Amino acid sequence: MSGDIVEDTRGIDRTASIVLALGLLFILGPLVFTLITASQSYDSFVRSGISPVPGTHLIENIRRLFTTTAIPAQVVNSFIVALMVAAFKCALAFVTAFGLVFFRVHYAGIVFAVLMGTVLLPLDLRVVTTYQVVSNVAMPVNGLLNATGINAMIAAFFGAPVDLQLNLLDSYPGIVLPALATGTGVFMMRQFFRTLPGDLVKAAQMDGAGWFRFMIDIALPLARTNLTALFILMFLGGWTMYLWPLLASSTPAMQTAVVGLARLSPQGDGQVPDYPLIMAGAVVVSILPLLMIAFLQRFIVRGLTLTEK
Amino acid sequence: MPPSFAGRWTPFWLSLPMLLIVALFFYIPVYLSFWWSFTLERPFGGGSEFVGFQNYARVLSDPIFWDAAWRTLVFMVFGSTLAIIVPLILALAADRMVPLSHTARNVLIWPKGIAGASIGVVFAFIFNPFVGIMAPLNGLFPGLWNPGSDGTDAFIMLLIAHVWNGIPFNFVILLAGLQAVPRSLTQAAAIDGASPWRRIRDVQLPMIAPQLFLTFVLEFTESVVSAFALIDTMTQGGPGGATRLLVYKIYQDGFKGYDLSGAATQSAILMVFVLCLAAFQFLYLEKKVRYER
Amino acid sequence: MKLNSLPVAATFLLASLGPTAAAEFQFWYGNTGAAETAIQNACAAFNDSQTEHKITCVGQGSYDTAMQKAIAAVRAKQHPVLIQFFDAGTLDLMLSGAVEPVAQALPDVDWSNYVTGAKSYYETSKGQLYSQPYNASTVVFYGNKEVMAKGGIDAPPQTYEALVEALRKLKTAGVECPYVTDGHPWRVLEQVAARHGAPIASRSNGYDGLDAEYQINQGLPAQHLTNLAAWHDEGLVKLDPETRAGTFSDAFNAGECAFMEASTANYSAAYKALGDKVLVGMAPVYEGTERKNTFVGGGSLWIMKGHDPEAVAAAGEFLNFVRQPEQQINLIREAAFVPVTNDVMTVMRDQNLLTDPAFGSIEAGMESLNQPGNENSRGIRLGFYVQFRDIFKEETQRAFSGEQTMQAALDNAKTRGDELLRRFQQTYSGVELP
C-alpha cells in the first residue's frame, strides 16, 4: 500500500463524515426545534419566537395538552387503528400467501394477480368513491339485487325493494378496512414462503400432518421474524395515515392523533398561535413510533428491504 | 414441482377474506370512479344523469386541471429526484464506515415514524416567516421569505418536507445495495488509480442500478399521493393555487365543492396515469435492470 | 344493519306507533369554540325544559365537515332530522330534495317576526322560508383605540375615502398594520356589495333563476377590490400571512393592527383580548352611497326529509325553543351572534343589555342588518357557491401577490364561477328554483 491511498482514504472519510453530519442535522434539526418549542412557555414564545435553548415548560405544555385537547383520546384511537391495521394485515397476508404457495390449484395465479392489482393504486387516489362505499358497505348487495332483477321481484311481491344500509363512517372498522385492501403484505409473505425448501412439506406429509398443522406448527414459527417486520411496518403505516382517517372520522372523538394534531388550531384567544402547545402535541403524537424505530431498528430495515420488489 | 397439499378449494377459502376486502374497498371504488366519471351526480343523491364523455371534456378543457397536473409533474420530478439524490449521497457516505455511520444508519430512519401531517405541522412552524428560523433573515430583508404569500417559497417548503419524509426508505434500500457491492471491486478500482468520484460513477452506481431504478419508480407514485398530508397541513394548496397538486384538487373538488363527478373524473385520469407509470416500470425498467445485472 | 322498506320494517313501524309521541332526535352542527359551547348549552336547556323529547347535539368540527358528512348521510339515508348548515350552502340544500321548508313544517310560527336581513337569505323569491336562521352574524367595523391614537384618529371612519386617509396617517406614524383582512369573499365581496346595493351576480344574485352569471368583475365589487389591492401595495392593508399572528382576527386581537372588517361574532374574542380598547361601528361605504342592509352569515337550521312525523314535531319544538328571546340572548351573550327576531331587540333594550360591553357589537350589527334593502341585498342564491368562494380566494390571492392584476383575477373568477353555475344548472336540470 502506498501512502497516497492512505491519505486519499482519510480525505474521503472526512468528506463522508461531513456529509453524514449534515444529514443528521437535516433530520434532527426539525425534531430538536419541535422539542425546544414544546418546552417553552407561551409567554416567552410570544416575546421571542423560536429559540435555540430549551425552556422548562415541557411537562406543563403536555399537561395542558392532556387537559384542554382531544389528543390523549386520539392517541388511543391511533393505537387501536394501527394495531388493527397491523394485526389484520399480517393475519390476512399469512393465510392468503400460505394458501397460494402450498397448494397447487389452477386459479392461484388469478387470485394473486387480483390481489396485486391493488398495489398499483394507493388508497389516497380512490378516497372519493371509497368514502361512498364506506358510508354504505351494503351498497354492492343492493346493486347486485337491482342488477339481477331480484329486487324487482321482491318489490312486486312485498311492495318495496330491499335497500340495505350499513354506514361505517366514523367507526374503527370504517377507518381500518379500506387500509387493509392492499396486496403488499401478501406479496411479502408469498416471497418468503417460496424460499422455504419443499422438503419441509414432504417431511410434514410423511409425519401425517395436514395443511393446518403444517401452517401452525411449521410455517408460523418460521415466518415469525418476517411477520414481526411486516407488523411493525404496517403499525407505523397505520399510525401515520392521514387522508383516509381525516375523511372517515368526523367527530374529534373518532379522529386519529395525526389528524387531531393537524386540527390543533389555536382557539381564538386573540394572540399568536400557541405553537408550544402544538409542538408538544407533535411530540406526544410521534413519540411512540419514534421509540419503536429507534429500538426495533433491525426489523424495520428488514421490513423495508423486503418491500423491495 | 415443489410438493404441495391437496385440497382444491382450501386456498380459495383461505384467500376469501382478503378477496372480499379487496373487492369491496378496492375494485368497487375504482369501478365507481370510472362509472361516475360518465355521469353527473347530484351531491345529495336522488339523481344522476349519464353524460358520456362530457365530464372528461370539461376537466380536460379546464386550465386549472392542467395547472394542477403540471404542478404534480414538477413536484414528481423535483421531489423524486431530490428524495433519491439526498439519500444516495448519505448512503454513499454511510457506506464508508466512518465513526458517524453507525449513528446515521439509525437516525436517518427516524422520519419513517413521523406522519407526513405531523412533519407538515412542524415545518409550517419552522418556516413561519415571523416566528420561525427565517425570521432573523426576514428582519434584515423584509419580504424575503413568506410561504403564505409567495408560491415559490411554499413550493420549496413542500419539497423540503417531502425529501425529509422520504429519506428512510430510499436510504435503507440504497445502502443495502451499496453494501452488496463486493469490496474487491472498489479496491481494485482504487489501486488502478481511479479517483473516488470515478469509483462512484463507474463502479458503485452501475452496481446499484436495480436499487436506483426501484427507488425512482416507487418514489414517482409516492410523490403523487404522499404530498397530500403535507399540502393539507402546510399550505392548503395555496397561495393562489401554487401548491395545489392533483391529489389535493381531487379532495377539494370532491369533499369541499360537492363536485362528485368532477372529482371522480380526475381520480380516474390520475389512476390511468399511475397505471401507465406502473406499466412503464414493468415493461421497460425491469428489462433494463435485468440487463444491467 | 337497518332494513328499509321491507315487510319487517312495516312491523317495526306498527310497533313504534304507540300511544306516546315522545321522540329522541339528533341535531348536527359545525361550530367549535365558544359557539359550540353555546349550542350545547341550548341543547341541555331544551332537554331540561321538558320531558317529552330528547335532543342529542353532535358537533362535526367545522361547517365544511358538517356539510360533507350530511351529504354522505343523506346518500346513505342515515341523516338526522335537524342539521345546521352554513350560509354558502343554501341553494345546494334548497334543490337537494332532502329538506323540508321550515315554513311548511311549522305553519303556525309568525315568520314575519324575523329580521329582514336574516330572513331574506333563507327564503325563496316568493317568500317561503326554507330554514330557520340561528347563529347569525354580519360584518361590522372594528377599531383598536390604542393603535388608532398613534395616528391621531379617535373614531372609526364611516367612508372608505376617510378610511384611506386614516390608514395613511397611521402608516406615516409607523403603524405597520393599519388595516387587516383575510380577503375572504364574505367580508371583502358579499357584504361590501350588499351594503352598496350592488349585485355580485345577475338575476338578483341568483334569486330569480338558475341562469344567473357572476358580475364581480364590474361595477362596485371590481372597484372596491381594485382599491384593496392598491392599498395593499401601498402598505396600508395587510393580509393574513403578512401578520405575525397569522390570521387577521388574531392579529387585530393581539394589537398588531388598527382596523378590521369582521363578523359581529369576532367581538367576544376581541373584547376578551383588548377590553374597552375595541371600538365597533357599521362597516364603511364609499362616499355618496345610499347605504343598504347587509345580510347574515353563519348558520341556519334545516329540517331534513325522511323522518316520521313525531321526530319532525320534536325538531319543531326545538326550533320553537331556540327562537325564544331568552335563548337567543344566551347565544348572543356566549358567542356574540346577532338577534334573528325583532322582539329580541326590544327585550334587550328593556333589560338594558345593549349598554353592557359584553354585547358591544350587537347595536352596530343590527343597525347594519336593518338598513333599507334592494334586490341585491337579500342574500346569495348561487349553486356550488362554496366552491366559488375558494376560486375567488385563489384568484385574488394571486392578485395581491402581484402575479396578476386584480381586474384579471376577477375576470378569471367570473369565468370559472360561471362554469360552476352552468354545471349546477345542468346537475339540477328539470328542477325548478323555488
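This is a predicted model: local features need pLDDT of at least 70, side-chain atom pairs count only at pLDDT 80 or more; totals for chains, interfaces and linings use all residues.

**Entry 1: chain B against chain A**

I began with polar contacts and counted 15 residue pairs between chain B and chain A, both partners at pLDDT 80 or more.

Next I asked which element gives the most to the side of chain B that touches chain A. Helix H1 of chain B, residues 10-36, does, with 20 residues. I then sorted that side of chain B by class. I got 73 nonpolar, 16 polar and 6 charged residues.

I looked up the salt bridges. The rule finds 2 across the interface of chain B and chain A. One of the bridges I noted joins Asp232(B) to Arg263(A), with the closest N and O atoms 3.3 Å apart.

Then I turned to extent. Chain B puts 95 residues into the contact, and chain A puts in 101 residues. I read the buried area between chain B and chain A as about 8700 Å². Carbon and sulfur atoms give 81% of that area. Phe5(B), Phe25(B) and Phe125(B) supply 10% of the area that chain B buries against chain A, more than any other three residues.

**Entry 2: the two domains of chain C**

I moved to chain C. Domain 1 covers 24-137 + 296-369, and domain 2 covers 139-293 + 385-427. I took their centres over C-alpha atoms and found 27 Å between them.

How many residues of each domain are in contact? I found 30 residues of domain 1 of chain C touching 23 residues of domain 2 of chain C. The two domains bury about 2000 Å² between them, with 61% of it on carbon and sulfur atoms.

I repeated the salt-bridge search. The rule finds 1 across this domain interface. The side chains of Asp87(C) and Arg389(C) form the bridge, at 3.6 Å from N to O.

Which elements give two or more residues to the side of domain 1 that touches domain 2? I listed helix H4 (90-94), helix H6 (116-122) and helix H17 (362-369) of chain C. The largest share, 5 residues, comes from H17(C). By class, I logged that side of domain 1 as 15 nonpolar, 10 polar and 5 charged residues.

Technical notes:
Residues are numbered from 1 along each chain as its sequence is written. Chains are lettered from A and ligands numbered from 1 in the order in which they are written. Side-chain values use heavy atoms; hydrogens and water are left out. Domain bounds come from an automatic or database domain assignment. Contact means heavy atoms within 4.5 Å. Buried area is the accessible area (1.4 Å probe) that two parts lose on being put together, summed over both. A salt bridge is a side-chain nitrogen of Lys or Arg within 4 Å of a carboxyl oxygen of Asp or Glu. Helices (H or I, at least four residues) and strands (E, at least two) are DSSP runs, numbered from the N terminus. Ala, Val, Leu, Ile, Met, Phe, Trp, Tyr, Cys and Pro count as nonpolar, Asp, Glu, Lys and Arg as charged, and the others, Gly among them, as polar. A polar contact is a pair of N or O atoms within 3.5 Å; within protein, one must be able to donate a hydrogen and the other to accept it, and residues adjacent in sequence count only if both atoms are side-chain atoms.
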